[in-house]
Structure formats: C-alpha cells, structure tokens
Amino acid sequence: MAFDGIVTMAVAHELADKLIFGKIEKVYQPESDELIFNIHTKQGNVKLYASANSSSARIHLIKENIASPPAPPSFCMLLRKHLQGARITSVVQKDCERIIEICVETLNELGFTVSKKLIFEIMGKHSNIILVDLTTGKIIDSIKRVSIDVNRVRQILPGLKYQYPPVQDKVPFRKLTDSWQESLPQRDSKTIQRTVGGISPAFAEEMSLHEDICAFVTQVISGVENNTIVPRVYSDEKGAPKEFHITNLYEYETACQKQEFESLSQCLEFFYSNKKSSNRAHQKSLDLIRAVTALLDKLHLKEQRLMEDLLKAENSEDLRLCGELLTANMHLIKPGDEKVTVTNYYDGSQVTIKLDPRFTPSKNAQQYFKKYGKSKTAIKEKQHQLEANSEEITYLDSVLSYLENSENVDEIDALRKELEETGYIRKRKVPGGFKEKKYKAEPYKYTLPNGMTVLVGRNNKENDILTLKTASPKDTWFHTKDIPGSHVILQNGSVEPDAETIYAAASIAAYHSKARSSENVPVDYVDVKHIKKPNGAKPGMVIFTGNGTVWVNPKLPE
C-alpha cells in the first residue's frame, strides 16, 4: 500500500490546515493499537484517527463513529492526563520520512505551560505512537513499548531519550537533483526505489515513466503545498480497493476503476474501511475465527472417535454369542485353558473362544455377558454424545458464518459476548467501576418492493430475540435449509405473502447465510407460530413443522 513519504507529506499538510490551534477535548483507544482524538477547531469538531497496526498503520481525519471499550486502557488514561485540553501548535513531517509530529501546549499541575510532542511513526510492523516531553526530549510513554530484547539498536520505553529511526542511505525525494537523475544506471522502478527515500513501489513505477523525474516529483510536492492534489483510490472489478495515492498511477489506470476524493482523509478512510485485509471488523474477527475453527476441529475429531466407538459397540453380538456358547459347553473346559473350540448351535460352525485361565468357566461366561451389557449401554451413551456433539458443531458453524460475514465491529463484539455467555471462550474482565453496555438488538432491516419489511438477525442471540419476541405469530420465518444462517422475519402480519414476496425474502435469507456465494440455495419458510425452541437449546437453535421450501439465488432487494 502507498502510505509512503509522499502521502505522509500530504497528510501532514492537510492536518496542519485543519488542526493548528485546535483543542484536544477527548482521547479514546478503541483497540490496543488505535487512538481517536476529538479536537475542537475553528471549523468545528473533528476526529483524528491514528493506528499503529502493522498491516494498516495510518493517521487521518475520520467521520465514522467508532465504539470505545467500557474501560479505557492505561495508555489512553495517560494521554488524557497529558493532552486533554492541550492546544495544537504544529503538525509537521519529519524530513521525508513516514513520521508525523504533532506539538501541543498544555498546563501542568502547577499551572505552567509545558510543551509535548506526539510522534506517529508509520513504518509497517515497526509502527508506533509516542508521547515525548519537549523540554527533556524523554519518552513519556508509547502505545507499543520496545525493549532491548525486541530491538538492540533503538528502545522505546518511558524515561529514555527519544531517538529517530536510523536513516537509510537514500536520497530524500525532496532533494532530488538533475545530477542524481543523470547518474541513474537504469530508469526502472526498482533502481529508483533503491536510491530514493520516502517513496512506495507504486510511486517509483510512476516516476520511471516520466522523462524528467525531478520535474515530476517537484510538481507533486507543489500540488501538496498549493492544495491542488486530487487523492484517488483504484479498485478492482468487484469494488475492492487495490491502491491509493495523491497522483495518477499509470499501472492501475487501465486495469482498475478510479474514484477521486475531495480530501486525502476521505480517500484514506474509504480505502482502509473497504479493504478486507485492513478492515477493522475483519481484523477484530480474526482471533475469534481462529478460536471457533479450533473448537470445530476438536468437535469433528470427537465425532470421528465417537463414530468408531459406536461401530465397535454395535458389533458386540459376538460377545453375547461367546457367553451363551461357554454356558452351554462348560463341561468341555478344563481349568487353566486359554481357549476352547465349541460348536455354534445356530449354524453348526466351529467357534474358537478365548479364555482367561485365571477364571473358572462360569466366570469366563459372565465376563463375556458383562462386556456385552456394557456395549449395549455404550450404544445409547455414544448416540446421545453424538447428538450433543452434532448440536455444538451446528451452533459453532453458524457463529463462524456470522464472523465471516460480519461488517462492523459492533457485530464482532456481540458475537464475542455470545461465545463468552455460552462458555466457548473465556470472559474478558472489566475493571471495577465500569459496567458493560447492555445488549441492544439491532437487526438488519430491508424493505421489499411491495412495502413489506424484512428483519434479519446478526447473530444467534439476536435470532432468538427476533423470532421468539419481536415477530408476531402470523409473520413468516425464513432460514436456509441445513445451512448455517440468520433467522429472517417477513413482517406480513395477517396478509398472506404472494410467491414473489416469498422468493424475495428467501433470497435475503440465502444472502445472510454460509451459502452467500452459492446459487440455487434451499430456504425453508413457515409461520412464526410453528416455531418452537427446545428447553436447553443453544442460542438460535429452534425446531419447526409444516414448512415449505424454495430454491433461490442469494440477493438483497435493490
């Protein structure tokens, strides 16, 4: 991705225009590597977002409202102590590096003005956000502490003097000269990137296409300084963002769709919000997906072993036969015998039966009958365990489907809470004095062409609320047949839905299921009054009778 020194320069210039003399009113930390600053400026209140995430580090203004945890982390509390009420005095880029420094002035406990600096290092896996005291040059704290065990060259720890990252042996893009251009051995993108600092591979490729490279770079820098740049995002045919920059990227012009934005912050917010690999909901769901997948693997292994045990138990008739034959032929057995061959009076064949020489013939027969009795009991027990195991697999399959289709962080948090309540993952501790937010059902809502409303559960807990509490008995319930998915309620009331309406609602149910990318998906539908929830059933698990089934392609109403 192209968050290089060129883009960093443009971001710093944009933030300087917007934030200088602004007042930091509040600091939030939604995730361990994310910060949000509420800043009051002359133009009104704005939100500054910064991330030190290794795959999507960035800093820009946002409009999205991001939920914060009930208990702020320690670094967030420290920033509130040092920065709340502070005035922003400058926003600059460090040379041509991917580093932005925001200097602030605030009052200390004694009422004296003190200066501090927030340093945003946007450097992939080494990204960090550091608060530094300008008077002493020492680190107050950072969002990621780097000890000597992690980096022997440069530590980021409270109390240490702040040092900038080591400078690469490259020419900064601001200092390119004609002599540099003439000395280039080759004008390809790799050679340019090896010799020029602060540029991405995409921008290096664009530089290689210009006859006068220095003039092109100078033009880009002037565009930033004169506010004439047009940020753009290049997306593939499916609408997934591929690259962004403040200038045209010829290699993407023909193969991708281009979307231009009024500001760089809008461009960055769109790119990172829509790019799957850096999408906040996707990132937050990864650990849950791994946990649920691991649980499913264990359950499938348990199912396999139970099936093997059940197969052994079902082949236990031989044990009963051995017991009967020993009882009928005790006179043939001598003390100390390890086996005996007798005639099977059912079919006249000869059967050799193993014996335990420690026991009497009668005791050996009893042992075979005892093993037979255990096997018969095991059949019932294993079948019961298989049913319970199958219910767990069905439930976790549905949770996994929701995680893979989740679109925002609130949905992920609701699914985490559901897994905590059902005991599949450990419950997170909330520090004393802070209460967890009460769960509020917010199902997806769609309006069909005929005006009827369709509600869709976002998780299993919401499915129960939707089907058992929200829906009326005469509403129609939809769910993909034998496929994990959401409960879908067509609020038709007393009106009998026609075929077109049923197919439209069924298409929504297919879309909100594990079969979203399939075709010809079977969907069951039935009146809500025929839905029952068995006692002790897991969230979202119901039974029904008298249903119909239609086959549809997953689709949302236009």
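The structure is a predicted model, in which local features need pLDDT of at least 70 and side-chain atom pairs count only at pLDDT 80 or more, while totals for chains, interfaces and linings use all residues. Residues are numbered from 1 along each chain as its sequence is written, and side-chain values use heavy atoms, with hydrogens and water left out. Helices (H or I, at least four residues) and strands (E, at least two) are DSSP runs, numbered from the N terminus.

- Met207 is in contact (heavy atoms within 4.5 Å) with Leu176, Ile192, Val196, Ile199, Ile213, Phe216 and Val217, once its neighbours within four places in sequence are left aside.

- Helix 2 (residues 74–83) is mostly covered, since seven of its ten residues are buried, where buried means under 20% relative accessible area, exposed over 50%, and partly exposed in between (1.4 Å probe, protein chains only).
- The buried residues of helix 2 are Phe75, Cys76, Leu78, Leu79, Arg80, His82 and Leu83, and they pack against strand 1, strand 2 (34–41), strand 6 (99–107), strand 7, strand 8 (128–133) and strand 9 (139–142).
- Val27, which lies in strand 1 (residues 23–28), is buried with a relative accessible area of 0%, and, leaving aside its neighbours within four places in sequence, Val27 is in contact with Leu35, Ile36, Phe37, Cys76, Leu79, Arg80 and Gln84.
- Ser115, placed in strand 7 (residues 113–121), counts as partly exposed at 24% relative accessibility.

**Helix pairs**

- The axes of helix 1 and helix 6 (residues 213–225) come within 9 Å and cross at roughly 20 degrees, where axes are lines fitted to C-alpha atoms, for helices over the stretch in contact, and angles run from 0 to 180 degrees between N-to-C directions.
- Helix 1 is therefore roughly parallel to helix 6, as angles under 35 degrees count as roughly parallel, over 145 as roughly antiparallel, 65 to 115 as roughly perpendicular and the rest as oblique.
- In this pair, Ile6, Met9, Ala10 and His13 of helix 1 make the contact with Val220, Ile221, Val224 and Glu225 of helix 6.
- Helix 9 (residues 280–314) and helix 12 (residues 409–421) pack at an angle of about 20 degrees, with their axes 9 Å apart, and are therefore roughly parallel to each other.
- Arg280, Ala281, Lys284, Ser285, Asp287, Leu288 and Val292 in helix 9 meet Val409, Ile412, Asp413, Arg416 and Leu419 in helix 12.
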